[in-house]
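Colleague: I'm new to this one, could you walk me through it?

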Amino acid sequence: MKSPRSRLSVSRAPRDNAPRSAAKPAAPRHASPRKPELAPEDRKLLLLNKPYMVLCQFTDEAGRETLKDYIKEPGIYAAGRLDRDSEGLLLLTNDGKLQARLTQPGEKTPKTYWVQVEGIPSEEKLAALRAGVELNDGMTLPAGARIMDEPAVWPRNPPIRERKEIPTSWLEIKIVEGRNRQVRRMTAHIGHPTLRLIRYAIGDWTLDGLAPGESRALPAPELAPSSNSRPRPSSSRSGAHTAKPAKPAKPAKPAKPAGEAPRRASQPGRDERPRSTHPTERSTSNPTSGKPRSSGRGTARRPARTGNPNSSDKES
């Protein structure tokens, strides 16, 4: 038999007399200074018709075309993204609040796309896009989808790959999300791959009058409160708070006159017999207490006390 070995516990707490290492003070964090808010006259907003195969950024190590080849205005950035193989409207601004307004998912800014797809989708497939389809990253929100006439747009260079036996059609798709290559995945899900994708509008801004590579400066709009924000309830200090109506006070009970003894309520069902007035049925009184002794039936007489004869409490 093997001799039992002692087990070492690795979860024991350190002894009180053991020296403890002093905790190092946390290094102070230097908060980055906040950028001052822009004055309304300093805000800038640019609309750009991004050409095909242009990166939606200002630098690229591989030497590909970027926004720097078309935008010379310093200090502005793209509000949202557009794939390299997609074309159309792109917003650029130097206003951080406006940029967040256009890119945050909770704001649900609508974006309209003109999409050329293979084949002609049926009404059932379009209804699936309107209800939402299941992609690998979850269900899409309901979208607008309809077949449209071929728009009068610029030719793409290089042109799309066409097949004689497979016709093409144009769809107008409107979404409020911004997932990676979402529109292309939606049309592929219903069996109609995307051949060309042009973003026509972001909210109320459109690319009307803009050729590929052209931009136009607009005055940045005032940042109105979001439609999703709810008004806060007014505080009681302002006086607009309406207090709840007080409950009516209960009427006070009339006070009883002094000296009147409280009356016992009569119990229902109790046999209240009238007292007899016959002279032979007189009630004997207790000389010590003065209370009438009960003469009812079934009442046994109290036996005489046989206590201490020296006691002063005796019956006469």
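Modeller: Let's begin with charged side chains: Asp83, Asp85, Arg181 and Arg184 are linked in a network of salt bridges, a salt bridge being a side-chain nitrogen of Lys or Arg within 4 Å of a carboxyl oxygen of Asp or Glu. This is a predicted model, where local features need pLDDT of at least 70 and side-chain atom pairs count only at pLDDT 80 or more, while totals for chains, interfaces and linings use all residues. Residues are numbered from 1 along each chain as its sequence is written, and side-chain values use heavy atoms, leaving out hydrogens and water.

Colleague: How far apart are Asp85 and Arg181, N to O?

Modeller: Their side chains meet in a salt bridge at 2.9 Å, N to O. Asp85 lies in the loop between strand S2 (77-78) and S3, and Arg181 in the loop between strand S8 (168-175) and helix H3 (182-189), so the pair ties together parts 96 residues apart in sequence; helices (H or I, at least four residues) and strands (E, at least two) are DSSP runs numbered from the N terminus.

Colleague: And how many salt bridges does the whole structure have?

Modeller: A search finds twelve, among them Glu172 with Arg146 at 3.0 Å, N to O.

Colleague: Changing topic, how many residues has the largest nonpolar core?

Modeller: It has 17 residues, and those with the most contacts inside it include Leu91 and Trp114. Such a core is a set of buried (under 20% relative accessible area, 1.4 Å probe, protein chains only) Ala, Val, Leu, Ile, Met, Phe, Trp, Tyr and Cys residues joined through side-chain atoms within 4.5 Å.

Colleague: Which strand gives the most to this core?

Modeller: S9, with four residues.

Methods
Buried means under 20% relative accessible area, exposed over 50%, partly exposed in between (1.4 Å probe, protein chains only).
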